[in-house]
Amino acid sequence: TWAVDGADSSDVPYPATEEEMRRQFAASIPLAVHEPSKFSRAMEELLRRMQFSPERFRWTGEVEFDRYDLRRRLGEIRVPVLIVHGRQDRVVSVSRAEELHRGIPGSRLAILDQCGHWPFVERRSDFVDTVTSFLGLESPGGRRPA
């Protein structure tokens with residue numbers, strides 16, 4: 001199976017309420033982003049608006065988790081794949097991104113420095129540039145079309 005990276009998640013009990021789940025999620029943010037202080041105010045606002053389902057979370061962890069280890073089938077993927085990963089991601093290690101890249105023929109791997117688990121938030125501009133380039137949307141001069 002594909003074991004969870006980082007701290008042993010079995011030490012943290014499943015939350016029983018939506019508020020408890022919100023607190024656990026908030027506590028995990030420093031692990032998810034490279035520079036948490038940059039995102040604390042935005043995450044506080046986002047957390048107030050997010051909806052959580054402790055029942056779904058528990059079911060996912062206890063029932064679904066082992067069903068989704070499809071690494072042996074990665075070689076069957078026949079479409080262009082871009083894997084974007086933060087080098088300082090402490091939730092999912094870079095080795096996982098490299099494993100996906102090795103398993104998917106012709107995939108492209110972009111590892112962003114000074115970035116944790118949320119490259120689309122932490123390195124938004126670099127993330128957009130990487131995706132834009134992958135999609136072939138750059139002009140020959142290196143500028144995106146208007």
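## Cores and helix packing in a predicted model

Leaving aside neighbours within four places in sequence, Val33 is in contact with Phe39, Arg90, Gly116, Trp118 and Glu122. This structure is a predicted model.

Val33 also belongs to the largest nonpolar core, which has nine residues in all: Met21, Ile29, Ala32, Val33, Phe39, Met43, Leu47, Phe52 and Trp118. Two elements, α1 (18–32) and α2 (40–49), each give two or more residues to this core. The most come from α1, with three residues. Apart from this core lies another, of five residues, including Leu74, Val81, Ala97 and Ile104. In soluble globular proteins, nonpolar side chains tend to be buried together.

The packing of the two helices can be described next. The axes of α1 and α2 are 11 Å apart, and the angle between the helices is about 160 degrees. Angles over 145 degrees count as roughly antiparallel, so α1 and α2 are roughly antiparallel to each other. Their crossing is right-handed. The table lists the residues that make the contact.

| Helix | Residues in the contact |
|---|---|
| α1 | Arg22, Phe25, Ala26 and Ile29 |
| α2 | Met43, Leu47 and Arg48 |

Of the residues in this contact of α1 with α2, five are nonpolar, none is polar and two are charged. Ile29, Met43 and Leu47 take part in the contact and are also listed in the largest nonpolar core.

A separate local feature concerns Gln114, in the loop between β2 (108–112) and α5 (119–122). Most residues other than glycine have a negative phi. Gln114 has a positive phi, near 55 degrees. Its relative accessibility is 46%, so Gln114 counts as partly exposed.

Technical notes
Residues numbered from 1 in each chain as written. Predicted model: local features only at pLDDT ≥ 70, side-chain atom pairs only at ≥ 80, totals over all residues. Heavy atoms only, no water. Core = buried A, V, L, I, M, F, W, Y, C linked by side-chain atoms within 4.5 Å. Buried < 20%, exposed > 50% of the residue type's maximum accessible area, 1.4 Å probe, protein only. Helix = DSSP H or I, 4+ residues; strand = E, 2+ residues; numbered from the N terminus. Contact = heavy atoms within 4.5 Å. Axes fitted to C-alpha atoms, helices over the stretch in contact; angles between N-to-C directions. Parallel < 35°, antiparallel > 145°, perpendicular 65-115°, else oblique. Left-handed = near helix turned anticlockwise from the far one by under 90°. Nonpolar A, V, L, I, M, F, W, Y, C, P; charged D, E, K, R; others polar.
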